[in-house]
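Keep the structure open as you read.

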Amino acid sequence: TPTENIVNLYQPFLDYALTQLKQELELKPYPIPSGFEHKVAITGKGKKEQEVDTTSYAHCSPKLRQIRAAHVQGGSALQVLNFVIFPHLNYDLPFFGADLVTLPGGHLIALDMQPLFRDDPQYQEKYTQPIWDTFQTHQQHLPWGGDFPEEATPFFSPAFLWTRPQKNELVETRVFEAFKDYLQAYLIFVKQAQPITDVEKLAEIKQAQLRYLRYRAEKDPARGMFTRFYGPEWTEEYIHGFLFDLERQLALNPV
Ligand code: DBV
């Protein structure tokens, strides 16, 4: 039934990604701070009572510092999969970023290989050109999602898929295909990536990673939702200690 499908709308995305990554990379577990692996809250009253579960997943590989997912399951009116890959700081790889969100108002999909250097033509040639045809193929079927924060522009590539589909079916078909294609293309980038040794370039990468990370931690669009369900303390620790943890990690292990 439609309801059964929607309460697990993003599970196939998560299963696909983890299966592919395990197949293609030497994955190791990445620690999830204790108390953040799984969190449950009950919202609403009476007939509107609803459990909201948040489950975290994290791995790393020789070239990828953190591969992590947050999967929020709160019935037919709330499903979220936020999936981000953060490369190690000695690679110029983009971030793999997927924000798949279903709220009572509808679906919101953001999918991209988020660039370290948005306006650098050589960077675009290396990391946007190879997925340009894939982007165009899917974008035809996924209308532009409309307004999004102007200040987020530097963090998205020209191949940013941004859409608010009306129908579940479009998420289950076209969006899922796009997600698979972007992940496959990302895995090719990872395999081809060579470590950067130039000290100036390394410094630029670190600055670009921190810029991205600080923006995302500060502007996390899920902050309000998590705060309502799990309280402000849990939420801030989840954001800074797990979802966007680079600054904490650098404080522990400076590069
Ligand atoms: N978004 C996250 C994380 C989430 C999450 C970690 C674990 O970065 C969920 C959960 N995104 C989430 C939710 C909403 C959005 C919206 C719950 C809906 C918020 C609401 O309507 O209450 C892409 N995500 C959005 C929006 C954008 C993105 C543009 C619309 C929000 C708005 O208009 O302000 N992904 C998001 C983003 C960047 C990115 C802003 C920036 C680099 O990578």
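Start where two helices meet. Pro12, Phe13, Tyr16, Ala17, Gln20, Leu21 and Glu24 of α2 touch Val171, Val175, Phe176, Phe179, Lys180, Leu183, Gln184, Leu187 and Lys191 of α5. Contact means heavy atoms within 4.5 Å. Helices (H or I, at least four residues) and strands (E, at least two) are DSSP runs, numbered from the N terminus. By class, this contact has eleven nonpolar, two polar and three charged residues. Ala, Val, Leu, Ile, Met, Phe, Trp, Tyr, Cys and Pro count as nonpolar; Asp, Glu, Lys and Arg count as charged; the others, Gly among them, are polar.

The model is predicted: local features need pLDDT of at least 70, side-chain atom pairs count only at pLDDT 80 or more, and totals for chains, interfaces and linings use all residues. Residues are numbered from 1 along each chain as its sequence is written, and side-chain values use heavy atoms, with hydrogens and water left out.

Now the geometry. Helix α2 covers residues 11-24 and helix α5 residues 168-192; their axes come within 11 Å and cross at roughly 20 degrees. Axes are lines fitted to C-alpha atoms, for helices over the stretch in contact, and angles run from 0 to 180 degrees between N-to-C directions. α2 and α5 are therefore roughly parallel. Angles under 35 degrees count as roughly parallel, over 145 as roughly antiparallel, 65 to 115 as roughly perpendicular and the rest as oblique.

Move on to α7 (residues 223-230) and α8 (residues 232-243). They pack at an angle of about 130 degrees, with axes 7 Å apart. This pair is therefore oblique. Arg223, Phe226, Thr227 and Tyr230 of α7 make the contact, with α8 residues including Trp234, Ile239 and Leu243. Seven nonpolar, three polar and two charged residues take part.

Next, find glutamine 209 in helix α6 (residues 199-219). Is glutamine 209 buried or exposed? Its relative accessibility is 1%, so glutamine 209 counts as buried. Buried means under 20% relative accessible area, exposed over 50%, partly exposed in between (1.4 Å probe, protein chains only). Beyond neighbours within four places in sequence, glutamine 209 contacts Pro87, His88, Leu89, Phe95, Leu116 and Leu246.

Finally, step back. The protein chain has nine helices and eight strands. Of its 255 residues, 51% count as buried. The C-alpha trace spans about 60 × 45 × 35 Å along its principal axes. Among contacts between residues at least 6 apart in sequence, 65% join residues at least 24 apart.
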